[in-house]
Every structure is written in structure tokens, then in C-alpha cells.
Amino acid sequence: MPDTPVHAPVSPAMIVRQSSPANLEFPFHTLSERLTPPGQFYVRSHFPVPELNAEEWRLEVGGLVGQPLCLTLADLQAMTPHTVTVTLECAGNSRSFLTPKVAGVAWDLGAVSTAEWTGVPLSAVLERAGLQAGAREVVLCGADRGCLDEPAKTPGIIAYERSLPLNKAQTDVLLAYAMNGEPLTPQHGYPVRAIVPGWYGMASVKWLTGICVTDTPFQGFFQTLDYSYWESVGSLSPQMTPLSVMQAKAQIARPAPGETVAAGKPYVIMGAAWTGEAKIIRVEISTDGGQTWAEAELTDPAEAHVWRRWRYLWHAPDPSGTVTLLARATDSSGQTQPTKHTPERGKYMITFPLPIAVMVE
Ligand SMILES: Nc1nc2c(c(=O)[nH]1)N[C@H]1C(S)=C(S)[C@@H](COP(=O)(O)O)O[C@H]1N2
Ligand SMILES: [Mo]
């Protein structure tokens with residue numbers, strides 16, 4: 001690629017969507033390194049940060065296990081550590097692009113971030129506890145609790161809880177106590193959180209204090225009334241299904257929406273693309289509203305569960321005017337982005353190519 005200046009990040013400040021509880025957005029137009037800079041990883045919380053300290057913290061493992069466990073942080077840290085790089089995206093990321101407007105935090109592009117997580121595989125803890133016959137799901141319980149009026153009303157005070165099917169729980173889920181080599185910060189789940197690679201962020205339960213193995217599908221608030229969608233299955237009407245695996249998606253970081261770009265000059269459009277359990281294999285750019293697409297260059301290696309940054313050398317048109325840029329990702333399972341957001345997805349899984357309108361002057 002010729003020596004074209006890559007437009008530098010401008011404002012590193014987090015975008016405050018809600019101050020209490022904290023809902024903070026990574027300013028996606030500042031995307032630079034593969035790992036989101038410390039303090040810039042988006043924050044999504046439903047309730048206030050629970051007060052936990054490492055000495056008194058315990059992880060209770062129960063339900064359909066051979067031997068219930070009560071683990072300390074030292075117990076976890078004595079087990080073989082694993083480190084993985086994982087991109088988390090909130091299922092409501094890019095919600096501000098939906099028309100008409102829908103309920104929920106109005107995220108732009110920045111409810112997605114990447115970090116290196118260190119901890120103990122959930123499978124190792126389940127193995128230590130042993131599973132009883134009939135074990136089917138693993139419910140992860142957070143220590144945070146409260147009441148909500150939106151998007152639906154909770155039955156009084158509830159905790160943040162979410163379940164995983166046993167096969168996912170036994171595959172690659174991490175009980176993380178460190179983020180980018182440092183202890184978790186309070187906002188990101190100190191002292192221990194789950195990291196569920198390839199799944200939307202809601203599965204990665206923060207402030208983890210309980211693990212319960214069950215033989216029935218979990219039907220808690222954040223599994224049914226919230227963080228679920230209408231899945232079309234066969235000839236029946238759509239069925240309410242908990243959100244799980246991330247869908248393929250590319251986002252443009254630069255130019256930012258509304259940015260002014262020099263007419264007739266080269267500009268390096270750049271961004272990142274991610275998906276669920278497959279690998280990103282292609283990113284395409286359209287500068288004519290989706291009529292034609294050209295392939296972008298992927299600048300990170302193909303790895304599961306982590307975004308790949310990409311760039312595309314664009315020759316901005318002359319004369320001036322407004323141009324709408326689109327990006328579209330395809331993954332190794334053959335999945336590409338849908339052209340439109342469907343009602344079945346409601347206010348989640350917003351993966352149609354997001355229109356980024358820029359001024360060419
Ligand atoms: N205990 C608990 N875990 C939680 C949440 C929460 O509110 N409470 N929010 C979930 C959602 S919706 C997302 S997108 C991710 C966000 O993780 P982060 O704040 O570290 O970015 O945490 C998930 N885990
Ligand atoms: Mo989320």
C-alpha cells in the first residue's frame with residue numbers, strides 16, 4: 001500500500017451512554033492497536049458495581065455436581081492459568097443505526113472491544129466438581145443485583161444470571177481474573193468474570209460468585225425477556241431464543257460518521273471485523289451505497305474469537321458531496337452480513353452493513 005497517512009486517533013475519551021450504572025462506549029473511530037487500550041474497553045452494566053474484595057470473595061459451585069465446591073481466588077490462581085485474546089461485542093452494539101428507534105442503550109459503534117484475558121478454564125472447575133447424570137446447562141451467577149423497568153420489568157430485585165449449554169461450558173469458557181495482565185477492574189467484573197469466546201457479551205457474566213449445573217433450560221430474566229430474539233425454525237412461527245453466538249460483522253472506524261474527507265485524494269478506510277465461532281476471511285467495502293464491492297486488506301491474522309483489523313485504500317471522488325461508505329464481512333462458515341435488519345432480531349444482532357456518511361470536500 002502506498003505511503004498514505006493513516007488518520008490518527010483524535011479523542012481517546014470514553015463516550016458516556018449512562019453514568020449510573022456505568023454504560024461507556026469505546027470511541028471506535030480511535031481504533032488503532034488490536035487490543036483496546038486500558039480504560040477504553042466498553043462497559044455494559046445493568047446494576048451498580050457490587051462491592052467485592054479478593055479475600056472474602058468465594059465461588060460456589062453447586063447443582064448437579066458430584067461434589068459442591070467453595071473456591072477462593074487463591075484456589076483458582078493455583079490452577080493452571082490460560083490466556084486468550086477475545087473480542088466482546090454487546091448484542092445491542094450499533095443500535096443507534098436502527099430506524100425507527102428502539103428501546104435500550106443507544107450504542108453507536110463502540111460497544112465492542114478486545115482484551116487478553118487470563119484465568120482458569122471453566123471445564124477444569126467443572127471437572128473438579130464432577131457432573132451428575134442429566135447435567136445439561138451451567139448457570140453463571142453475578143453478585144450484582146437490582147430492579148429494572150426496562151426493557152421489561154423485573155420481578156423485584158434480581159441478580160444478573162445467564163446460562164450456557166454444557167458443551168460450550170466444557171469447551172473454551174474462561175473464569176478470568178486478569179485483563180491485559182492486570183487484575184480485573186471493578187467495572188469489568190473484579191475479582192472474577194466469565195469470558196465466553198464467540199458469544200455476545202451478555203454471556204460473559206461479571207462479578208461471578210455462583211455456578212449452578214442444571215438439567216433444565218434456564219429461564220431467567222436476562223435469558224428470556226432480555227437478550228433473546230425470534231428465531232425462525234422450520235415451518236413454525238418464530239420462537240423466542242436466547243442470544244448466543246456473535247454474527248459476522250465489519251465496522252468502519254475511519255473515516256468516522258460525518259468526517260470531512262479531501263476530494264480527489266487517497267484515504268485509508270480502516271476498521272475491524274469479527275464473528276462468532278468461525279474466522280473472518282473477507283471484508284469488502286462499498287463506496288457507492290452497496291452497488292459494487294471491493295476487497296479490503298486484512299492486516300491481522302485469521303484467528304477465532306478475535307477481531308481482524310482491515311484497511312482499504314480509497315480514492316475519494318472529486319467533485320465534492322456526501323458519500324456513504326459500507327463494510328461487509330464474510331466468515332469461514334460462509335456467513336456474510338444480511339442487507340437488512342429483520343424484525344426477528346428486535347433490538348439485537350445489528351449486523352446489516354452500517355451506512356457511514358462522510359463529506360467529501
Ligand atoms: N454480572 C453481570 N455480568 C454482565 C453484565 C451485567 O450487567 N452484570 N452485563 C453483560 C453484558 S450485556 C455485556 S455486553 C458484557 C460487557 O462486559 P464489559 O462491561 O466488561 O465490557 O458483560 C456482561 N456481563
Ligand atoms: Mo451487552
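Biologist: Which residue in E2 does Ile-15 stand opposite?

Modeller: Strands here are DSSP runs of at least two residues (E), and helices are runs of at least four (H or I), numbered from the N terminus. Two strands pair if DSSP finds at least two bridges between them. Strand E1 (residues 15–18) and strand E2 (residues 23–25) run antiparallel and are joined by three bridges. In E2, the residue opposite Ile-15 is Glu-25.

Biologist: How far can I trust such details, and how is everything numbered?

Modeller: This is a predicted model: local features need pLDDT of at least 70, side-chain atom pairs count only at pLDDT 80 or more, and totals for chains, interfaces and linings use all residues. Residues are numbered from 1 along each chain as its sequence is written, chains are lettered from A and ligands numbered from 1 in the order in which they are written, and side-chain values use heavy atoms, with hydrogens and water left out.

Biologist: How many residues lie between E1 and E2?

Modeller: E1 and E2 run antiparallel. They form a hairpin, and the residues between them number four.

Biologist: Why is one side of E17 and of E20 left without a neighbour in the sheet?

Modeller: The open sheet has five strands with mixed pairing, in the order E17-E24-E23-E19-E20. Strand E17 (260–261) and strand E20 (294–295) stand at its edges, so each has a single partner strand.

Biologist: Which residue in E24 stands opposite Val-261?

Modeller: E17 and strand E24 (residues 356–360) run parallel, joined by two bridges. Opposite Val-261 stands Val-360.

Biologist: Which residue has a positive phi although it is not a glycine?

Modeller: Look in the loop between E6 and E7. The phi there is about 75°, and the residue is Ser-94.

Biologist: What is omega for the cis peptide bond between Thr-99 and Pro-100?

Modeller: Pro-100 is in the loop between strand E6 (82–89) and strand E7 (112–121). The bond from Thr-99 to Pro-100 is cis, with omega about -5°.

Biologist: What is omega for the cis bond joining Asp-318 and Pro-319?

Modeller: Pro-319 is found in the loop between strand E22 (308–315) and strand E23 (321–331). Its cis bond to Asp-318 has an omega of about 20°.

Biologist: How far is the N or O atom in the side chain of His-188 from an oxygen atom of ligand 1?

Modeller: A polar contact is a pair of N or O atoms within 3.5 Å; within protein, one must be able to donate a hydrogen and the other to accept it, and residues adjacent in sequence count only if both atoms are side-chain atoms. A polar backbone atom of Ser-204 lies 3.0 Å from a nitrogen atom of ligand 1. For the His-188 side chain and a ligand oxygen, the distance is 2.7 Å.
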